[in-house]
Amino acid sequence: MLKIIDSKQVTLVDNPDAWLKSFEGPTVIEIAGRDQSRWRIVSTLIHGNEPSGFIAAHRYLLEKRVPATNVAFIISSVRAARYEQLYQHRYMPGEFDLNRRFGYLEVHDSVTELARQITEYIREKCPSAVVDLHNTSGRSPAFAVSISEHPKVQHVASLFVDQVIITQLNVGALMEQNFNCPVVTIECGGSKDKQSHENAYSGLCLFAETDQLDSMAPKPLAINKHPIRVTVKPGISLGYGEHLNTDLDMTLKNELEEFNFTGVNRGTCVGWLNRSISDCMEAISDKGINVIDDLFELDNHALKAKQDLKCFMATRRADIALSDCLFYTLPMPD
């Protein structure tokens, strides 16, 4: 169950990791703002291995800052964040990924029930904006994602980052829900990068304390559209290395994360396959079409880009690559 508490009831310690251990489960912390007629929502730790938003919320509370409006910090995947090793698990083993369970009409499990409770809570508050703070699965610059390129969305995104992905891919994320206000996912950068925590905190302060979110012109944003989700097919084995591993179906290059937002030139080898491309992978466009054969080709087991690509969310964690996706990509502009 989602526990809701007032910030005045919160007992803080200096260390966010120690503070995390004090939580009983999913929690909402409500902070009174200068204008108590309005609300803004900040979702954090929706994935247990993505701590920047949680660390930023802890710092914000510790410094006793006063927001322009009421702000609610939603701290979701507490159990996953604490399981075995802090910030190691995206979600609890054997359970669903919370950020793939929003929008389900039928609820038969605790994770989907939590998604429903979070959705209802946000709708009850009628917020003026919602941000969902994440970390990328690998090393990466920060960026935003939204299903809308409305100017108000761009204003919110520009408080945190200088580039945004506009997507129509539906994966069951919080970002896809209709709250009658801007909803923006912020990918703050890699989870082990201290700059990611700073990105989350500085953006959070602007988001919470700006009187009118659209009162100033947004910073220029690089807008990217129509991402393609590249995934591994079920039952395929995956590893990383510098050459073909004959014991695996797929071997991706160790430096795969270095392709995030730097671009992959046509003909670049990104890994090796022991099976056909269609056996191992698919790439779903926002029209629901598998376009994998337009993106990659095999050359004597080498998996090569068939056109210039811009990749993001590439990771070297095989468990995430297998359970979620290898990466997203966009065709590079001509």
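The model is predicted: local features need pLDDT of at least 70, side-chain atom pairs count only at pLDDT 80 or more, and totals for chains, interfaces and linings use all residues. Residues are numbered from 1 along each chain as its sequence is written, and side-chain values use heavy atoms, with hydrogens and water left out.

α2 spans residues 52-62. Helices here are DSSP runs of H or I with at least four residues, strands are runs of E with at least two, and both are numbered from the N terminus. Helix α2 is mostly covered, with nine of its 11 residues buried. Buried means under 20% relative accessible area, exposed means over 50%, and partly exposed lies in between, using a 1.4 Å probe and protein chains only. The buried residues of α2 include Phe54, Ile55, His58, Tyr60 and Leu61. After α2 comes Lys64, with a positive phi near 55°.

Now the five-stranded sheet. This sheet is open, its order is β11-β12-β13-β16-β15, and its pairing is mixed. Two strands pair if DSSP finds at least two bridges between them. The edges are β11 (238-241) and β15 (296-299), each pairing on one side only. From one strand to the next, the twist averages 30°. Axes are lines fitted to C-alpha atoms, for helices over the stretch in contact, and angles run from 0 to 180 degrees between N-to-C directions. At one end of the order, β15 is joined to β16 (residues 302-305) by four bridges, and the two run antiparallel. Within this pair, Leu298 stands opposite Leu303 of β16.

The other sheet has four strands. It is open as well, with the order β14-β10-β18-β17 and antiparallel pairing. Its edge strands are β14 (281-284) and β17, and each pairs on one side only. Neighbouring strands are turned by 30° against each other on average, direction ignored.

Look closely at β17 (residues 309-312). In a regular strand, side chains alternate between the two faces of the sheet. Leu309 and Cys311 lie on one side of β17, Lys310 and Phe312 on the other, and all are buried. Both faces of the strand are therefore covered, by the definition of buried used here. Four bridges join β17 to β18 (residues 327-331), which run antiparallel. Lys310 has Leu330 as its bridge partner in β18. For Cys311, the partner in β18 is Thr329.
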